[in-house]
Amino acid sequence: MDHQSRLALRSWPSHFTESDAIRLEPHAESFIMTDHLLVIGYGDTGRHAVNSVLSSQPDAQLTVLDSNFLSVAEAVANGALAVHGDGRDRCALDEAAVDLADRVIVAVPDDLNAYLITRAVRSLNPDTVIVAVIREPSNHALFASDGTMSVHIRQADDEQA
């Protein structure tokens with residue numbers, strides 16, 4: 001996806017550039033992401049997290065990062081800023097403003113990808129709280145030992161995230 005498409009998906013007024021919003025230029029004060037939540041993966045689990053936050057805090061600063069263009073479009077329609085990209089990719093994480101995120105929820109359907117994403121997030125934002133949703137209970141110790149603040153094991157009868 002090209003730069004203009006990503007900018008359009010983020011739903012920023014036309015007089016702001018993407019770099020203004022991410023770098024928090026003084027004239028972009030309305031977009032300063034305090035108490036910012038980044039959700040990586042907009043399947044069932046990610047969607048549920050976004051809906052829960054928006055229902056209790058309608059003015060919450062949310063960004064969704066997903067590799068599926070339709071999921072990104074759905075997140076925008078749901079009221080979140082959204083970035084199309086891979087959560088393992090530093091450029092996509094930068095575009096999603098991971099360095100400003102107070103909390104990151106990793107809700108992707110594969111535990112290995114979730115682990116790689118948590119490592120990438122931790123390297124870019126060592127102070128953020130990371131919540132990872134994993135599938136295999138045997139992977140819990142791996143995530144916990146790597147500095148992930150909270151690890152949730154998704155039940156087998158749940159739908160794919």
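Guide: A residue counts as buried under 20% relative accessible area, as exposed over 50%, and as partly exposed in between (1.4 Å probe, protein chains only). This is a predicted model, in which local features need pLDDT of at least 70 and side-chain atom pairs count only at pLDDT 80 or more, while totals for chains, interfaces and linings use all residues. Residues are numbered from 1 along each chain as its sequence is written, and side-chain values use heavy atoms, with hydrogens and water left out.

Visitor: Is Asp35 buried, partly exposed or exposed?

Guide: Asp35 sits in the loop between α2 (18–23) and β1 (36–40), where helices (H or I, at least four residues) and strands (E, at least two) are DSSP runs numbered from the N terminus. Because its relative accessible area is 42%, Asp35 is classed as partly exposed.

Visitor: Which residue lies 67 residues from Asp35 in sequence and 5.6 Å from it in space, C-alpha to C-alpha?

Guide: Leaving aside neighbours within four places in sequence, Asp35 is in contact (heavy atoms within 4.5 Å) with Gln57, Gln61, Asp102 and Arg103. The residue that is 67 places away in sequence, with its C-alpha 5.6 Å from that of Asp35, is Asp102.

Visitor: What pattern does the protein chain follow along its sequence?

Guide: The secondary structure of the protein chain comes to seven helices and six strands, and of its 161 residues 46% count as buried. Read along the sequence, the protein chain follows the pattern α-α-β-α-β-α-β-α-β-α-β-α-β.

Visitor: How do the buried residues of α3 lie when seen down the axis of the helix?

Guide: The buried residues of α3 (44–56) are Thr45, Gly46, Ala49, Val50, Val53 and Leu54. Seen down the axis of α3, these residues fall within an arc of 165° (taken from the directions from the helix axis to the C-beta atoms). On the other side of α3, His48, Ser55 and Ser56 are exposed. Since the arc of the buried residues is 165°, they line one face of the helix.

Visitor: What is included in the cover over the buried residues of α3?

Guide: One part of that cover is β2 (62–66), a strand in which five of five residues are themselves buried. On one side of β2 lie Leu62, Val64 and Asp66 and on the other Thr63 and Leu65, and all of them are buried, which leaves both faces covered. The cover of the buried residues of α3 includes β1, β2, β4 (101–106) and β5.

Visitor: Which residue of β2 is the bridge partner of Leu37?

Guide: Strands β1 and β2 run parallel and are joined by four bridges, where two strands pair if DSSP finds at least two bridges between them. In β2, the bridge partner of Leu37 is Leu62.

Visitor: Why does Asn125 count as buried, and what is its relative accessibility?

Guide: Asn125 is found in the loop between α6 (111–124) and β5 (129–134), and, not counting residues up to four places away in sequence, Asn125 touches Val98, Asp99, Leu100 and Ala101. The side chain of Asn125 reaches the backbone oxygen of Val98 at 2.8 Å, while the backbone oxygen of Asp99 lies 3.3 Å from a polar atom of that side chain. Asn125 counts as buried because its relative accessibility is 7%.

Visitor: Which residues does Ser71 touch, not counting those up to four places away in sequence?

Guide: Ser71 is found in helix α4 (residues 69–77), and Ser71 counts as buried because its relative accessible area is 13%. Not counting residues up to four places away in sequence, Ser71 touches Tyr42 and Asp66.

Definitions and conventions. A polar contact is a pair of N or O atoms within 3.5 Å; within protein, one must be able to donate a hydrogen and the other to accept it, and residues adjacent in sequence count only if both atoms are side-chain atoms.
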